[in-house]
Amino acid sequence: MQRSLEQRMAIKFCVKLEKSAAETIPMLKKAFGVDCLSDRQIFRWHKAFAEGREDVNRAGRPSTSSSDDNVKRVRDLLNTDRRISVRLISETLDITKTIVHEIVSESLGMRKVCAKLVPKVLTDDQKARRGLICNH
């Protein structure tokens, strides 16, 4: 990861020096040897930086599915029925199942217990009540 970050920074530097992608490849291969990005990746990053990209981090689509609006929609749906499945939430709200799972587990801090979604961290009162119920 660190190595490819260095290479992307080097590609960006070459673009700033107005070097072509074809000129950049041999320089990177000499500097990084066998750990060098593929020619295709170098061309791709060179083009991105030439078109004005400033960020050297990985390319990819930003995650818009787990927006605050979708988190609120999932929370509201879970508040109406805690037994609802991730698949059913996904179908109801038209959000992919993996994003719904991410929202439920990471954004809302919930996990599945039996057939009910519950908060991962219980309050002291909830722990005490659970202890009393289990001891009877």
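Residues are numbered from 1 along each chain as its sequence is written, and side-chain values use heavy atoms, with hydrogens and water left out. Because the model is predicted, local features need pLDDT of at least 70 and side-chain atom pairs count only at pLDDT 80 or more, while totals for chains, interfaces and linings use all residues.

**Exercise 1. Helix packing**

Determine how helix 4 and helix 6 are oriented to each other, and which residues meet.

*Solution.* Step 1: locate the elements. Helix 4 covers residues 68–80 and helix 6 covers residues 97–107; helices (H or I, at least four residues) are DSSP runs, numbered from the N terminus.

Step 1: Axes are lines fitted to C-alpha atoms over the stretch in contact, and angles run from 0 to 180 degrees between N-to-C directions.

Step 2: classify the angle. Helix 4 and helix 6 are therefore roughly perpendicular, the class for angles of 65 to 115 degrees.

Step 3: list the contact (heavy atoms within 4.5 Å). Helix 4 contributes Asn 70, Val 71, Val 74 and Leu 78, which meet Ile 103, Val 104 and Ser 107 of helix 6. By class, five of these residues are nonpolar, two are polar and none is charged; Val, Leu and Ile are among those that count as nonpolar, and Asp, Glu, Lys and Arg count as charged.

**Exercise 2. Salt bridges**

*Solution.* Step 1: apply the criterion, a side-chain nitrogen of Lys or Arg within 4 Å of a carboxyl oxygen of Asp or Glu.

Step 1: examine Lys 29 and Asp 39, whose closest N and O atoms are 3.0 Å apart. Lys 29 belongs to helix 2 (residues 21–32) and Asp 39 to helix 3 (residues 39–50), so this pair ties together parts ten residues apart in sequence. Lys 29, at 40%, is partly exposed, as is Asp 39 at 34%.

Step 2: examine Glu 51 and Lys 47, with closest N and O atoms 4.0 Å apart. Glu 51 is exposed at 60%, and Lys 47 is exposed at 51%.

Step 3: examine Arg 129 and Asp 125, with a closest N to O distance of 2.9 Å. Both lie in helix 7 (residues 124–135), four residues apart, and are thus separated by about one helical turn. Arg 129 is partly exposed at 47%; Asp 125 is also partly exposed at 47%.

**Exercise 3. Cysteines**

Give the number of disulfides, and decide whether Cys 14 is buried or exposed.

*Solution.* Step 1: with a disulfide taken as a pair of cysteine sulfur atoms within 2.5 Å, the search of the whole structure finds zero.

Step 1: Cys 14 has 8% relative accessibility and counts as buried. Cys 36, at 15%, also counts as buried.

**Exercise 4. Positive phi**

Identify where Glu 18 and Asp 94 lie, and report their phi angles.

*Solution.* Step 1: Glu 18 is not a glycine, yet has a positive phi of about 65°. Glu 18 sits in the loop between helix 1 (2–16) and helix 2, and is exposed at 72%.

Step 1: Asp 94, likewise not a glycine, has a positive phi of about 60°. Asp 94 occupies the loop between helix 5 (86–93) and helix 6, and is exposed at 71%.

Methods: Helix = DSSP H or I, 4+ residues; strand = E, 2+ residues; numbered from the N terminus. Parallel < 35°, antiparallel > 145°, perpendicular 65-115°, else oblique. Buried < 20%, exposed > 50% of the residue type's maximum accessible area, 1.4 Å probe, protein only.
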